[in-house]
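I opened a new notebook page for this chain.

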Amino acid sequence: MKSIANLLLTAITASLILAGCSNKTEKMEQELKAFITTWEQQVEPLQKEAYTAYWNASLSGRDEDYARSEQLQLQLSSIYTSKDDFALLKKIKESGAVQDTLLKRQLEVLYTAYLSNQIDTALLAKRIKMEVEIEKKYSNFRAEVNGRQLSDNDVEDILKTSLNSDELKAAWEGHKKIGTVVAADVIELVKLRNEIAQSLGFKNYHAMSLELGEQDPEEISKLFDELDELTRDAFAGLKDEIDTFLAARLKITKEELMPWHYQNRFFQEAPAIYSVDMDKYYKDQNIEALTAGYYKSIGLDISDILSNSDLYEKPGKNQHAYCIDIDNAGDVRVLCNIKPNYSWMNTMLHEFGHGVYDKYIDRDLPFSLRNPAHTFTTEAIAMIFGRMAANPAWMQDMGLIDSTERAAIAEDTYRVLRLEQLTFSRWAQVMYRFEKAMYENPDQDLNALWWNLAEKYQMIRKPEGRNEPDWASKIHIATVPCYYHNYLLGELLASQLNHYITASIIGSDDFRYQSFYGSKETGQYLTDKVFRPGAQWYWNDMIEKATGEKLTARYYAEQFVN
C-alpha cells in the first residue's frame, strides 16, 4: 500500500502535469487563433478578387482578363508558400495540444493547404502560368469542320442527330484536334506537377492530390476495382443493346461502329437508344425557370444565385459549366451555356445543386471551413438533383407531362437513367486509371494507354491506325487534374442520400421515382445535415451523421446494377 505522502506526491505530480498540459493547450490555441486572424485578413479579400477575375476571364476569353486572373491566382497561392507560416502550423500540429474541435479542424485544413504549396515560388508561378495558358487554348478552340467553326454544343448536336457516318467522323475528329494543340503542354505540366509533388515527399501528383484530399489512394483504387467488378457484366449487356440499336439506326454492322457513332465526344453520356426522346420534353421549355421553380419548391431559394450567373452562349466564353463561390460569404455564381434540351436541364439542376450547397453553408463558421465537407460531397448533391431531368415523377411535378405520359415513359426513363449511370461509371474508370498511370509515368505512350483503357472499360474500338493525343481533348485532364474519381464517389453518395431521404423523410419504399418536389422537409434536411456543417467534419463523419452510415456502394448497386 502506498503511503499518504506518496499518494499526495502522485496527486501533486498529476496536477502539475495537467496544469502544464492546460498551459500548453492554451498557448498553442492562442497562437493558432492569432495566426488564423492574420491569415483571414490576407486571404478573404484576395480570394474574392482572384475568383472574380477568373469568372471575368471565363466570360470574355480575352488575353488581358486571363493575365489578370493568372496574376491574382499567383498572389493567392503565394500566401501558402510561406515557410515561416508552415513551420508554425507544423509546430502546433505536432504538439497535439489543440483540443478545441473547431480549432483542430481549421488546423487540419490550413496545414494541408500550406503543405501542398511548400514549393519553390518560381515553380509555383510556372505551374499557374502554364495552367492559365492551357485553359485559354481550350476556351478559344473551335472545331473546324468543312470550313465551319463549331462550338462544343454544335459538335454534340451533330453527334446526336446525324445519320451520316462521314459527317459524324468529321465532327468527332474536328473536336479531337484540340488534343494536338495542347498535348505537349499538358505533358510538360504533368511533369511539373510531379516535380512539385515529389519535392513535398509524395510519390507523384496523383497520389498527393488524393492524400491531401483526405483520401487513401489504395482505398480509392480498391473501390474502383470493386465498382469495375460490380458493373462490368451489367454494362456489357447494355453495351450490346447500344450497339444493336446504333448499327440499325446508322445502317451499318455492329463491327463497323466507331467512337464517333456513340452520340458523344467521349461516350461519357448514354446514347439515346430507348423509345423515349428526352430532348422533346425540354425543347420548348424555359430551362432557367424550371430550375428556379424546382429549388424553390423544396425551400431552397436560388434567385440570388441566378441574378449573379451567366447562363447563355457568348463568343469567347468558356463553353462548359461550373459553379463558383466567389467569397465564401454568399456570392455564388453559375456559368452555363443553356440550350433547351435534356442535357442542359440536367446540367442546370446539377450546377445549382453545387450552388445551394455553397449558399447554405453556415456563414458563422470560420472562413476556412465555409466549404463543402469534400469535393465529392458537393458533387453528390449536384448529381442527386441532376438525375431529376430523367425522372418522370419530377417531370410530372414540374408540369412537363401528365400522369398518362408518366406511366407510358416510366420504364424507359428509368432505363435511360440506369444506362447513363453505368455508361458514366465505365467512363470514370478510364479517367481515373488514365490519370493515375499518366502521373506514374508521363513518358509512356499515352495515346496507346488511352485507347487500351477505352477498349477495356467502355468496350469501344480504337479507330484503325489512329495515333493522336485524343486523351488531351478532355479538358479536365489539364485543368481539373486528379478529380474525376470524385464524380463517381459523388454518384455513390447521391444514391445513399436518395435512399435515406426516400425512406426517412418522404416515408416511401419507392427509391426509383422520387422527385422531392414540394418537400421543404427535404430541403431542410439537406441544409441542416449536409450544407450547414461545411467542412467542420471529416467527410465520412459528415456522411455518417447525415445518413447513419459511412459511404457505401450498396445503394448505388441497388439502384442501378441489381
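The entries below follow that order.

**Entry 1: the model and its fold**

I noted at the start that this is a predicted model. I looked up the secondary structure next. The chain holds 21 helices and four strands.

Along the principal axes they are about 95 × 55 × 50 Å.

**Entry 2: burial, contacts and surface**

I checked how much of the chain is covered. Buried residues account for 58% of the 562.

Contacts came next. I took those between residues at least 6 apart in sequence, and 77% of them join residues at least 24 apart.

Lys 251 came up, with phi near 60°. Lys 251 sits in the loop between α9 (217-250) and α10 (287-297).

I found Phe 516 in the loop between α18 (485-506) and α19 (520-531). The relative accessible area of Phe 516 is 3%, so I logged it as buried. The cut-off for that class is under 20%.

**Entry 3: charges overall**

I counted the charges. The chain carries 63 positive and 85 negative ones. How far apart are their mean positions? I got 2 Å.

Side chains of opposite charge can pair when their charged atoms come close. I searched the whole structure for such pairs and got 39 salt bridges.

**Entry 4: selected salt bridges**

I started with Arg 265 and Glu 156. Their side chains form a salt bridge at 2.5 Å, N to O. This pair links distant parts of the chain, 109 residues apart. Arg 265 is in the loop between α9 and α10, and Glu 156 is in helix α6 (residues 152-161). I checked both for burial: Arg 265 and Glu 156 are each buried.

Next I took Glu 440 and Lys 203. Their closest N and O atoms are 3.8 Å apart, in a salt bridge. Which parts does this pair tie together? Glu 440 lies in helix α15 (residues 403-440), and Lys 203 lies in the loop between α7 (165-199) and α8 (205-212), so the tie runs between parts 237 residues apart in sequence. Glu 440 is partly exposed, at 39% relative accessible area. Lys 203 is exposed, at 62%.

I then looked at Arg 333 and Asp 331. They form a salt bridge with the closest N and O atoms 2.9 Å apart. Both Arg 333 and Asp 331 are buried.

My last search was for bridges with shared partners. Asp 228, Glu 229, Arg 232 and Arg 426 are joined this way into one network.

Note on methods: Residues are numbered from 1 along each chain as its sequence is written. This is a predicted model: local features need pLDDT of at least 70, side-chain atom pairs count only at pLDDT 80 or more; totals for chains, interfaces and linings use all residues. Side-chain values use heavy atoms; hydrogens and water are left out. Helices (H or I, at least four residues) and strands (E, at least two) are DSSP runs, numbered from the N terminus. Buried means under 20% relative accessible area, exposed over 50%, partly exposed in between (1.4 Å probe, protein chains only). Contact means heavy atoms within 4.5 Å. Lys and Arg count as positive and Asp and Glu as negative; His and the chain ends are not counted. The place of a charge is taken as NZ of Lys, CZ of Arg, CG of Asp or CD of Glu. A salt bridge is a side-chain nitrogen of Lys or Arg within 4 Å of a carboxyl oxygen of Asp or Glu.
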